[in-house]
Amino acid sequence: MQGRTPDEYRRSLKQIYDQIAEPRVVAVSIPDWSFVPAAADFGGADHVGRMTGVFNEVAREEARSRGFEWIDITEVSRSGVGAPGWIASDRLHPGDTQYAAWADVIWDRLRGGEI
């Protein structure tokens, strides 16, 4: 997001998505990071949460319009808030525990034949 508008994000995402020629593509949502301490530096939890939702809707629309599979990791990104290793020491990025939770969701979808 970093100060970009949803329209700017859409234009950038279109450029990226339009370069992909693979027959099977999976697009993954932006995780919810409104709960991290550093969210205060980006407009606060409410703003970060709201804008993450807006940007995820843009990404989902663009992915689906191209026939890409969409995997939403929003809920799992919230599921371990407060757990050890959930947030990295920089107070912004996910920790290893959260990355592992995302991987489980993504792998379950891929392995489950839904994609």
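**Exercise 1.** Classify Phe-42 by its relative accessibility, and then describe the aromatic pair to which Phe-42 belongs.

*Solution.* At 34% relative accessibility, Phe-42 counts as partly exposed, a class lying between buried (under 20% relative accessible area) and exposed (over 50%), with a 1.4 Å probe and protein chains only. The model is predicted, so that local features need pLDDT of at least 70 and side-chain atom pairs count only at pLDDT 80 or more, while totals for chains, interfaces and linings use all residues. Residues are numbered from 1 along each chain as its sequence is written, and side-chain values use heavy atoms, leaving out hydrogens and water. Rings of Phe, Tyr and Trp (its six-membered ring) pair if their centres lie within 6.5 Å, and planes under 30 degrees apart count as stacked, over 60 as edge-to-face and the rest as tilted. Phe-42 pairs with Trp-33 at 5.2 Å centre to centre and 85° between the planes, which is edge-to-face. Trp-33, with a relative accessible area of 17%, is buried.

**Exercise 2.** Describe the pair formed by Tyr-99 and Trp-102, and state where its two residues lie.

*Solution.* The rings of Tyr-99 and Trp-102 are edge-to-face, 4.9 Å centre to centre with 80° between the planes. Both residues belong to helix α4 (residues 96–111), and because they are three residues apart there, about one helical turn separates them; helices are DSSP runs (H or I, at least four residues), numbered from the N terminus. Tyr-99 is partly exposed at 38% relative accessibility, whereas Trp-102 is buried at 13% relative accessible area.
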